[in-house]
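This briefing goes through a few local features of one structure. Please look at the sequence and the model before reading the points.

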Amino acid sequence: MAVTENLSDNTPDHEVKALLRVLHGQRRHVVDILEGLDAQDLRRPVLPSGWHCLGLVQHLTLDVERFWFRAVVAGDQQVIRGLTSDDEAWKVSPEVPAGDVLDRYRQEAAFADAVITATPADAALAWWPHDLFGEPHLHTLRDVLLHVITETACHAGHLDAARELIDGRRWLVLT
């Protein structure tokens with residue numbers, strides 16, 4: 001289930017390369033903590049809020065990777081027009097195989113990487129969702145990378161807790 005990394009010398013900015021390396025680590029954590037769960041467990045809500053692991057991965061795919069990099073950083077009009085509201089990204093249709101959700105996460109991460117490696121750290125954002133967030137509080141690729149690293153790490157922690165509740169497996173064992 002590994003998330004592929006493409007840290008070639010095509011990334012001229014060493015800061016961006018370092019931030020991307022950290023983001024790759026968090027993406028890997030998201031995918032690896034789910035390794036070995038069957039389709040039923042991936043869809044089983046274990047917290048009172050009712051979300052399940054596949055829903056969280058789909059949220060990371062659509063509301064994080066696609067939204068922040070292809071819409072906000074790159075200004076991709078097709079992506080912007082296709083954005084949904086509310087919590088739709090968290091809902092995975094029962095007909096959608098778990099593997100498809102995980103593959104789409106990997107694919108969207110690769111699209112994001114292409115945007116990241118083609119954009120200088122200080123580049124201004126191409127689009128800002130004023131209707132969602134008001135005045136911009138992020139201004140550059142650097143800001144977005146730090147935001148996405150934080151959000152991905154937070155959700156990786158949520159998946160750690162869910163996994164432990166599902167079958168007792170722990171990602172990091174502290175003694």
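E88 counts as partly exposed because its relative accessibility is 40%; buried means under 20% relative accessible area, exposed over 50%, and partly exposed in between (1.4 Å probe, protein chains only). This is a predicted model, in which local features need pLDDT of at least 70, side-chain atom pairs count only at pLDDT 80 or more, and totals for chains, interfaces and linings use all residues. Residues are numbered from 1 along each chain as its sequence is written, and side-chain values use heavy atoms, with hydrogens and water left out.

- E88 lies in the loop between helix 4 (77-81) and helix 5 (98-117); helices are DSSP runs (H or I, at least four residues), numbered from the N terminus.

**Helix 3**
- Helix 3 (residues 53-73) bends by about 50 degrees at F67, the bend being the angle between axes fitted to the seven residues ending there and the seven starting there.
- Because 20 of its 21 residues are buried, helix 3 is largely enclosed by the rest of the structure.
- G75, which follows helix 3, has a positive phi, near 70 degrees.

**Helix 7**
- G168 follows helix 7 and has a positive phi, near 85 degrees.

**Cysteines**
- The count of disulfides (pairs of cysteine sulfur atoms within 2.5 Å) is 0.
- C53 is in no disulfide, and its nearest cysteine sulfur, in C154, is 14 Å away.
- C53 is buried, at 1% relative accessible area, whereas C154 is partly exposed, at 42%.

Notes: Helix = DSSP H or I, 4+ residues; strand = E, 2+ residues; numbered from the N terminus.
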